[in-house]
Amino acid sequence: MALNFGDGCKGAGGYVPMAQSNVHPIVGTPFFQIEVVQAPSQAPAILCWGLSDKMWANTIPLPLDLRTLGMPGCTLYVDPYFVWGTATVGGSPGNGKGIIPFPIPAVGSFIGLELFFQWAIYDTSQSRSIPLTWSDGLRVIIG
């Protein structure tokens with residue numbers, strides 16, 4: 001099961017990026033992927049993911065308002081323990097899409113595992129000190 005939570009922040013063209021998955025997260029699914037849609041197009045993007053939506057590095061409570069880091073209106077929802085980079089494709093603001101393959105091995109002990117994902121996309125269209133637009137969070141429970 002994949003469930004969205006929280007709100008992303010507005011990016012290019014006033015669009016708010018959204019995190020999603022392409023199929024249900026089931027053990028033994030080699031083609032599972034995490035996607036971002038409605039993102040700035042032709043932009044570097046980072047997928048942040050971890051095992052918590054409550055604490056970052058076991059010390060900082062989540063969600064974290066990113067206003068203090070120069071990103072007003074944006075929130076960090078997940079512990080960014082792991083990060084993967086890619087680039088979005090698309091031809092206009094809000095039409096950008098990014099994809100990271102996330103194959104799920106056929107390991108029975110993964111059933112019930114919760115993972116939390118969030119995208120950060122480079123976006124100079126907003127007047128933020130750090131030019132990032134953030135998606136909402138995505139909670140994935142492997143079945």
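Which side chain does Lys 54 meet in a salt bridge? The legends below take this pair and two others in turn, all from a predicted model.

**View 1. Lys 54 and Asp 53 form a salt bridge.** The partner of Lys 54 is Asp 53, and their side chains meet at 3.4 Å, N to O. Lys 54 has 55% relative accessibility and counts as exposed. Asp 53 counts as buried, at 19%. The cut-off for buried is under 20% relative accessible area, so Asp 53 falls within that class.

**View 2. Asp 65 and Arg 67 form a salt bridge.** The N to O distance between these side chains is 2.3 Å. Asp 65 is partly exposed, with a relative accessible area of 33%. Arg 67 is exposed, at 56% relative accessibility. Exposed requires over 50%, so Arg 67 qualifies.

**View 3. Glu 114 and Arg 139 form a salt bridge.** The closest N and O atoms of this pair are 2.3 Å apart. Glu 114 belongs to strand 11 (residues 114-122), and Arg 139 belongs to strand 12 (residues 132-141). The pair therefore ties together parts that are 25 residues apart in sequence. Glu 114 is partly exposed, with a relative accessible area of 31%. Arg 139 also counts as partly exposed, at 28% relative accessibility.

**Overview. The whole structure holds 4 salt bridges, as found by a search.** Among them are Lys 54 with Asp 53, Asp 65 with Arg 67, and Glu 114 with Arg 139.

Conventions. Residues numbered from 1 in each chain as written. Predicted model: local features only at pLDDT ≥ 70, side-chain atom pairs only at ≥ 80, totals over all residues. Heavy atoms only, no water. Buried < 20%, exposed > 50% of the residue type's maximum accessible area, 1.4 Å probe, protein only. Helix = DSSP H or I, 4+ residues; strand = E, 2+ residues; numbered from the N terminus.
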